[in-house]
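Please read the points below alongside the sequence and the coordinates. They are arranged by topic.

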Amino acid sequence: MIGYGRRLLTDGHASCKGGPQSWSDRINRFIFPVPYLTLARISDWFRHRHHIAGVIQTVDVALFVTCLTDTFHPRVGVAVVRVLRHLGYRVQFPPDQACCGQPAYNNGFHDEAACMGRRFIDAFEGYGLVVTPSASCANMVKHHLPELLANDHAYAAGARALAGRCHEFGQFLKDVVEFNPAKAGASYPHSVTLHYSCHTRGIATVEETEVLVKALPDVDYRPLSRMGECCGFGGAFGVLYPQISNAMSCDKASRIVETGAEVAVVNESGCSMTIEGTARRCAHTVRFAHVAEVIAESLGLMSDYPPVDDMAR
Amino acid sequence: MSSKKAWFAKNVDSALKNEAQRVAIQQTTAKKMIARAEAVKDVDRFDDLRDLAAQIKQHTLDHLEVYLKQFADQVQANGGTVHHADDAQSACRIIADIARREKSRICVKVKSMTTEEIDLNGVLQAGGLDVVETDLGEFIVQLDDDRPSHIVTPIIHKNRFDVARIFERELGVAYTEDPETLTMHARRHLRDVFARCDLGISGANFAVAESGSICICTNEGNGRYCTTRPRVHIALIGIEKLIPRLEHLPTFLKVLSRSGTGQQITVYASLLTGAKRVSDADGPEHLHVVLLDNGRREILNSEFKEALRCIRCGACLNACPVFSRIGGHAYGGVYPGPIGKLISPLLMSADTSEVFEHYSDLPQASSLCGMCREVCPARIDIPELLIRLRSGQVGQRTVGITRNLGFKLAFRMLGSSFWYRVGQGIMRLGLRLWNHEGWIRSLPWPFSSWTMYRDVRVPAAKSFRRLWRDSLSQSENEEW
């Protein structure tokens with residue numbers, strides 16, 4: 001209840017000011033006059049009431065699905081949920097979650113990023129551990145949000161707390177669960193290669209990321225040469241400088257094809273969108289999968305949801 | 001607006017079309033990265049050494065004026081003369097004046113990016129002086145009337161066939177592609193110059209405040225010739241090159257060569273203290289030290305201060321996936337690559353609006369992959385500083401009205417879960433218009449640049465949110 005009161009006091013438009021009063025700001029405010037008194041806010045209020053009434057039980061893991069996974073790769077989200085449940089966690093999906101603010105932050109729109117960060121912290125307040133299938137979003141929550149909101153009295157503590165609770169999926173399995181695929185009865189009789197996404201830096205090293213895939217029983221792991229080199233996505237970079245970006249993606253895609261692996265494991269929706277799209281344009285037919293999908297499949301959890309089924313569902 | 005910015009796009013365009021250059025750059029940078037990885041292994045806890053190097057540099061920057069005074073006093077005590085130059089013009093004037101006073105005719109130069117920064121060669125040559133670069137790479141650049149494209153490996157964009165043609169054309173030697181023969185040609189030519197030179201100009205890799213010593217690292221020994229053979233030695237030193245004590249130097253020598261070229265130490269590391277004394281067998285009769293500001297104090301007082309920790313090892317250039325595709329010339333400044341994106345605009349611009357307008361592409365043309373941060377021996381967080389520059393662009397409104405409004409609108413929507421869902425719905429329906437067997441081949445502006453080279457997946461029929469609501473959350477209820 002206290003938490004909600006705090007939000008009532010600090011919430012709303014006032015906290016989003018701070019930027020210069022440009023025309024674009026004014027137009028923005030005109031279009032979204034009271035952006036947070038929306039359905040989401042109302043449902044939020046109900047949720048908190050239920051909390052107090054004890055209707056909703058405490059949850060163990062909250063899934064932060066991320067925008068790209070939500071929209072383009074829902075199967076990854078399903079895989080995360082199933083693996084976590086298989087491991088005995090109760091999974092919740094905070095319904096108010098939207099973007100963590102990374103695109104705004106990386107493009108230099110720090111006022112907007114702070115705004116998005118505040119909403120994001122609100123959405124995950126009251127939940128325990130947070131798991132996300134994206135290294136770059138985890139990076140934003142763990143490293144940049146606390147910095148960005150360091151001077152915001154109402155949210156600085158929340159940002160720091162959330163940073164401590166938030167885990168990238170692979171690292172959650174490795175560090176928190178101490179997942180051992182062999183003991184869990186996993187089997188993955190396929191040849192795989194792994195692309196190390198740039199924003200995993202600061203969360204896990206190349207070696208730490210490799211461990212999960214290498215440890216899968218029956219797997220034929222084929223190391224990718226220069227696996228740590230960027231795939232060329234980089235958010236707006238891929239749209240603003242398509243030529244440079246493409247030169248990078250083409251190299252990445254052809255190196256993946258060279259390994260001859262059936263499955264290219266990528267722990268980041270942005271990377272897989274980029275490399276898969278490039279490979280597809282060049283008529284390569286490697287399957288791209290997220291670590292969560294691979295692990296879920298190795299545990300036999302995805303038999304009712306084939307890889308290409310996203311369109312049909 | 002577009003004409004002001006178009007230079008970068010043009011540079012990138014021509015760089016990407018130059019296949020031979022791209023191959024040369026990618027091969028060399030890849031080789032250097034492998035060499036670095038090997039060289040780093042033989043130091044116990046190399047990352048700790050990087051921390052130390054970063055801390056020493058940061059400390060020096062925090063107390064720069066103190067150390068500058070100490071350094072200047074020591075140089076003078078050792079018989080040298082100290083000059084202070086606020087900008088490129090005054091530095092060039094000071095050096096040209098010295099050359100005129102000393103009646104110099106032939107000047108030999110050690111490789112120095114700082115002299116490139118102030119375009120010293122042009123000024124001296126206009127004054128009638130014969131200036132010869134003595135670093136092999138820089139020598140070739142000078143013969144070809146080109147510009148260096150890398151901080152450490154200036155001819156990274158040329159292959160041996162290019163060099164063979166340049167030597168045949170400019171030195172009048174028989175065409176040969178054999179690197180050794182080519183090097184011997186250069187050596188013979190430079191020996192002759194060394195015999196006749198009367199002025200040596202160098203930069204400095206490090207300047208030791210405690211002793212007033214200048215440290216110059218080279219691999220060819222030309223640094224020693226240039227700083228001992230001529231009667232006069234002028235050292236042009238950026239004020240950020242200082243380190244407090246001699247005992248700090250080994251740390252930097254260790255990280256510099258390992259990071260930049262993968263060597264354990266550069267072949268020559270010369271420590272020069274003062275002019276020739278009576279007891280010395282050789283050395284310059286006159287030593288002039290020019291301490292160059294040229295925008296550095298401004299950076300020192302800005303949020304980009306840590307960029308001055310740079311020791312110009314070139315590791316971030318070798319590591320950068322963008323640099324290895326577009327090469328150094330595309331950056332349009334003296335300092336290319338990730339660090340160049342920061343310091344070129346900051347050092348070369350007259351004011352902040354030029355930083356944000358003329359050089360607006362530089363901070364944007366990065367995927368923020370973080371490889372530069374990973375290899376930087378001075379632990380400069382280049383991606384973070386690039387984001388700060390981007391933020392500065394937003395603040396200065398140099399982003400362009402469409403992009404500015406578009407981004408702001410998109411970010412407002414993405415931040416609120418209601419508008420996020422609305423946007424997602426619209427996008428899902430919209431993108432389906434271009435559906436082609438589950439993929440999209442082309443999209444209208446502004447996404448056309450994305451589909452120019454790659455396909456896009458059609459968004460899933462049901463978003464994860466929807467799946468959760470429809471079935472996933474229920475299956476949990478069943479289990480629990």
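How many of the 14 residues of α20(B) are buried?

1. Conventions. The model is predicted, so local features need pLDDT of at least 70 and side-chain atom pairs count only at pLDDT 80 or more, while totals for chains, interfaces and linings use all residues. Residues are numbered from 1 along each chain as its sequence is written, chains are lettered from A and ligands numbered from 1 in the order in which they are written, and side-chain values use heavy atoms, with hydrogens and water left out.

2. Helix α20 of chain B. Eleven of the 14 residues are buried, so α20(B) is largely enclosed by the rest of the structure; buried means under 20% relative accessible area, exposed over 50% and partly exposed in between (1.4 Å probe, protein chains only). Among the buried residues are B:Glu384, B:Arg390 and B:Gln393. The helix covers residues 382-395 and reaches 20 Å from its first C-alpha to its last, close to the 20 Å expected at 1.5 Å a residue (the expected span is 1.5 Å times one less than the number of residues). Helices (H or I, at least four residues) and strands (E, at least two) are DSSP runs, numbered from the N terminus. After α20(B) comes B:Arg397, with a positive phi near 55°.

3. Aromatic pairs. The whole structure holds 20 aromatic pairs over all chains; rings of Phe, Tyr and Trp (its six-membered ring) pair if their centres lie within 6.5 Å, and planes under 30 degrees apart count as stacked, over 60 as edge-to-face and the rest as tilted. A:Phe64 and A:Phe120 are edge-to-face, because their planes stand at 65°, with centres 4.6 Å apart. This pair links distant parts of the chain, 56 residues apart: A:Phe64 is in the loop between β1 and α4 of chain A, and A:Phe120 is in helix α7 of chain A. A:Phe64 is buried at 1% relative accessibility, and A:Phe120 is buried at 2%. A:Phe120 also forms a tilted pair with A:Phe124, at 4.7 Å centre to centre and 40° between the planes.

4. Cluster. One aromatic cluster is formed by A:Phe237, A:Tyr241, B:Trp7, B:Phe8 and B:Tyr359.

5. Charges over rings. The criterion is NZ of Lys or CZ of Arg within 6 Å of the ring centre and within 35 degrees of the ring normal. A:Arg75 lies over the face of A:Tyr305 at 5.6 Å from the ring centre, and B:Arg312 over that of B:Tyr335 at 4.6 Å.

6. Sheet in chain B. Four strands form an open, mixed sheet in the order β8-β5-β6-β9 (two strands pair if DSSP finds at least two bridges between them). The edge strands are β8 and β9 of chain B. Strands β6(B) and β9(B) pair in the antiparallel sense over six bridges.
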